[in-house]
Amino acid sequence: MVLTAIDKVGTAVLKATDTFGDFTVLAGRTFTAIFKRPFDGKNLLNQLQSVGVNSIPVVVLTSLAVSMVFAVQLAFGFKQFQAEGLASQVEGLAIMRELAPVITGLMLSGRIGSAMAAELGTMQVTEQIDALECLATDPIHYLFVPRLLASMLVVPMLTVVSVYVGFWGGYLILVGVEGQSAYVYGNEFYKLLAFRDLRIALIKALVFGVIIALVGCWKGYRTQGGAEGVGNAPTSSVVTSSLWILIADFFLTKLLLV
Amino acid sequence: MAVIDVVNLSKAFGPKVVLSNVNLQVQEGESLVVLGGSGTGKTVLLRNIMGLLTPDSGHVAVEGKIIAQLPREELFQVRQSIGMCFQMAALFDSMTVFENVAFGLRRHRKMREDEIRARVEECLSMVGMKGTDQLKPAELSGGMKRRVGFARAIALKPKILLFDEPTTGLDPVMTDVIGRIILDLKHELGVTSITITHDLKSAFEIADRIALIFRGECIACEKPADFKVNPHPVIQQFLRGDADGPFLQDPPPPKRSRQEAHS
């Protein structure tokens, strides 16, 4: 019984090490392939379109919803201490440092990470990735690199959009509903913020972009087992990248706030 | 020196041995047809030649270069001289027929757009697919997809062509069309080729030599005329297309008589 348990733990550790090693090797190959030629600008533009432009509505809507809910909570909480003025300051701080990058990261892991996993997974099971290999084209260079670059560019840009939308979400509640002065809200929102906070948000977004693209492509590339495998790849990609986004968020916050 | 040299090639997936000590040599300009039942490792053989799989033991050498030992960049150089036609065509479904055929040219040849267009049209007309360049793979039938796959494979003017079951799942007429195209490509391009097929009619038309893989081993590799009269019971059973014999490990129950079947 004890030996069986040790055997199971050993098998699980070996499997986890194997999976982590595989991901690390593919990630390393992707970063190396960024500098290889030929540079496929058209492919990158296509990815910027699908990863970036098409994701704007979902980021705008979720950022608006979350910032409005957060403003309602802050207004209610600070009203208990007659400190309603602080609500806009905390709203600004929370949106910039946490809500904008994390909400953008999580939404994009659901939207683009899953799409990458499904697309590459389908290509894998229909031998299109083998066809790339046979046409003397490195799938890592052709498929992973444009998606990684697009994601690294787009997630920080959409985080800025999220901050901007978050400002107006808070405005709608704190000025429109709670009756604060629009002038005061405009000033207070940025009062606790420094350039460092924007830098933190952008670094987080950049890391989240890397996680989303690499996990999405990796899960797709390693798809096995036909339709069932293609069905599992996006789910697995979203779960894994969301988890890593939250873990990375914790460590980045600890690291960058020092 | 053989263009393709398969030496003692063995490959297993877990406990299942797919190829066991397979030896094959294909000379320049020769057309080898590989026959064998489903799941006997024919596709695995092609994937080893392309370097998509690594042998457990033995090796595959293409023009003297051992595929499994090549660094990736060098492997890609070798692959530019091999055209692979997949069983289900494996066309890039997000691209048009034109973009599929032009893919290799755009990535590996410094050609102007008008030169690429001319070469794509030439390749498409060689496989009887002229005028389909703006269609997407989803708009093509199975036979059309295979032919576009052929056009894509020959676009880079390879010295070697590998066909993985090019006629499987096609009607007899389309099977004949594909067989004729392979024959035309062989005569027009003079390439060295390996064709995996179950279609005996086109196999005997295409082949300079025929090999039969049985339970992971190559049990014959000879000229079509010799192959036809080879007394090996497995070869004779395969040629007859009969269920009774040593070919199947788990043979079906004996055939009922016609009268019994109708009663």
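A crossing of two helices is called left-handed if the near helix is turned anticlockwise from the far one by less than a right angle, and right-handed if it is turned clockwise. The legends below concern a predicted model, in which local features need pLDDT of at least 70 and side-chain atom pairs count only at pLDDT 80 or more, while totals for chains, interfaces and linings use all residues. Residues are numbered from 1 along each chain as its sequence is written, and chains are lettered from A and ligands numbered from 1 in the order in which they are written.

**View 1. Helices α6 and α7 of chain A pass each other in a right-handed crossing.** Helices (H or I, at least four residues) and strands (E, at least two) are DSSP runs, numbered from the N terminus. The axes of α6(A) and of helix α7 (residues 182-189) of chain A come within 10 Å and cross at roughly 140°, where axes are lines fitted to C-alpha atoms, for helices over the stretch in contact, and angles run from 0 to 180 degrees between N-to-C directions. The two helices α6(A) and α7(A) are therefore oblique to each other, given that angles under 35 degrees count as roughly parallel, over 145 as roughly antiparallel, 65 to 115 as roughly perpendicular and the rest as oblique. From α6(A) the contact takes A:Phe167, A:Gly170, A:Tyr171, A:Leu174 and A:Val175, and from α7(A) it takes A:Ala182, A:Tyr185 and A:Phe189; two residues are in contact if their C-beta atoms, placed from the backbone, lie within 7 Å. Divided by class, these residues are 7 nonpolar, 1 polar and no charged, with Ala, Val, Leu, Ile, Met, Phe, Trp, Tyr, Cys and Pro counted as nonpolar, Asp, Glu, Lys and Arg as charged, and the others, Gly among them, as polar.

**View 2. Helix α3 of chain A crosses α6 of chain A, also in the right-handed sense.** Helix α3 (residues 56-79) and helix α6 (residues 139-177) of chain A have axes that come within 7 Å and cross at roughly 40°, and α3(A) and α6(A) are therefore oblique to each other. Among the residues that make this contact are A:Val59, A:Ser63 and A:Ala71 of α3(A), together with A:Val161, A:Gly166 and A:Ile173 of α6(A). By class, the contact of α3(A) with α6(A) has 14 nonpolar, 6 polar and no charged residues.

**View 3. A:Leu246 lies in helix α9 (residues 226-256) of chain A.** A:Leu246 counts as partly exposed because it has 13 C-beta neighbours inside 10 Å; a residue is buried if 20 or more other C-beta atoms lie within 10 Å of its own, exposed if 12 or fewer, and partly exposed in between, with C-beta atoms placed from the backbone. The C-alpha atoms of A:Leu246 and A:Leu106 are separated by 8.7 Å, although these residues are 140 apart along the chain.

**View 4. An open sheet in chain B has 4 strands in the order β2-β1-β4-β5, with antiparallel pairing.** Its edge strands are β2 (16-26) and β5 (65-66) of chain B, each of which pairs on one side only; two strands pair if DSSP finds at least two bridges between them. Strand β1 (residues 4-13) and strand β4 (residues 57-62) of chain B run antiparallel and are joined by 5 bridges, and within β4(B) the residue B:Ser57 stands opposite B:Ser10, while B:Val60 is the bridge partner of B:Val6.

**View 5. Strands β4 and β5 of chain B form a hairpin with 2 residues between them.** In the turn of this hairpin, B:Glu63 has a positive phi of about 50°. The strands β4(B) and β5(B) pair in the antiparallel sense over 2 bridges, and B:Ala61 has B:Ile66 in β5(B) as its bridge partner.

**View 6. Strand β6 (residues 82-85) of chain B has buried residues that point both ways.** B:Ile82 and B:Met84 point one way from the strand, B:Gly83 and B:Cys85 point the other way, and all are buried. In a regular strand the side chains alternate between the two faces of the sheet. Strand β7 (residues 160-164) of chain B pairs with β6(B) in the parallel sense over 4 bridges, and B:Phe163 in β7(B) stands opposite B:Cys85.
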